[in-house]
Amino acid sequence: MQGGKAADTNASVTLGVRAGVFDRPDAARITAHLGAALTDAITRVAGDDLRTGTMVELVASPPERTFVGGTLTV
């Protein structure tokens, strides 16, 4: 949703991040920077005409559901 209306997306990126990033005092700055940087990367490759329709979603992954190399990371 964008301003109460459904947003028409041309590209979509879903990035899993540790849930703790949203608890940091600088979470708003970090997430805004991630969203902008990922959008910039997509448009750098696919063209700036995709910018307005590029959606970035940051998905929280709690430590108890995060595995690296098959091993729980808690």
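Guide: A salt bridge here is a side-chain nitrogen of Lys or Arg within 4 Å of a carboxyl oxygen of Asp or Glu. Aspartate 40 and arginine 51 meet that rule, with their closest N and O atoms 2.9 Å apart. Aspartate 40 belongs to helix 1, while arginine 51 sits in the loop between helix 1 and strand 2, so this pair ties together parts that are eleven residues apart in sequence. Both partners fall between the cut-offs for buried and exposed, which are under 20% and over 50% relative accessible area. Aspartate 40 is partly exposed because its relative accessibility is 30%, and arginine 51 is partly exposed because its value is 31%.

The part to look at is therefore helix 1, residues 27-46, whose 20 residues should span 28 Å at 1.5 Å a residue; its end C-alpha atoms are 28 Å apart, in agreement with that. The model is a predicted one, and the distances and areas given here are computed from it. The secondary structure comes to one helix and four strands, in the order β-α-β-β-β from the N terminus on.

Next, the covered side of the account. The buried residues in helix 1 are Ala27, Ile30, Gly35, Thr39, Ile42 and Thr43. An α-helix has 3.6 residues a turn, so residues three or four places apart point the same way. The cover over the buried residues of helix 1 includes strand 1 (11-18) and strand 2 (54-61). For the protein as a whole, 19% of the 74 residues count as buried. Of the contacts with a separation of 6 or more, 59% are between residues 24 or more positions apart.

Arg24, Asp26 and Arg29 are linked in a network of salt bridges. In one of its links, the side chains of arginine 24 and aspartate 26 meet at 2.9 Å, N to O. In another, aspartate 26 pairs with arginine 29, and the closest N and O atoms are 3.3 Å apart. The three residues can also be placed by accessibility. Aspartate 26 has a relative accessible area of 21% and is therefore partly exposed. Arginine 24, at 43%, also counts as partly exposed. Arginine 29 counts as exposed because its relative accessibility is 55%. The count for the protein comes to four salt bridges.

At the other end, helix 1 is followed by glycine 47, which has a positive phi near 110 degrees.

Last, the surface away from these charges. The accessible surface of the protein comes to about 5300 Å², and 56% of that belongs to carbon and sulfur atoms. Phe67, Leu72 and Val74 form a nonpolar patch on the surface, and together they have about 330 Å² of accessible area.

Conventions: Residues are numbered from 1 along each chain as its sequence is written. This is a predicted model: local features need pLDDT of at least 70, side-chain atom pairs count only at pLDDT 80 or more; totals for chains, interfaces and linings use all residues. Side-chain values use heavy atoms; hydrogens and water are left out. Patches are made of residues with over 30% relative accessible area and no salt bridge: like charges are joined within 9 Å, nonpolar side chains (Val, Leu, Ile, Met, Phe, Trp, Tyr) within 5 Å. Accessible areas come from the Shrake-Rupley method with a 1.4 Å probe; for residues, only the protein chains shown count as cover. Helices (H or I, at least four residues) and strands (E, at least two) are DSSP runs, numbered from the N terminus. The expected span of a helix is 1.5 Å times one less than its number of residues. Buried means under 20% relative accessible area, exposed over 50%, partly exposed in between (1.4 Å probe, protein chains only). Contact means heavy atoms within 4.5 Å.
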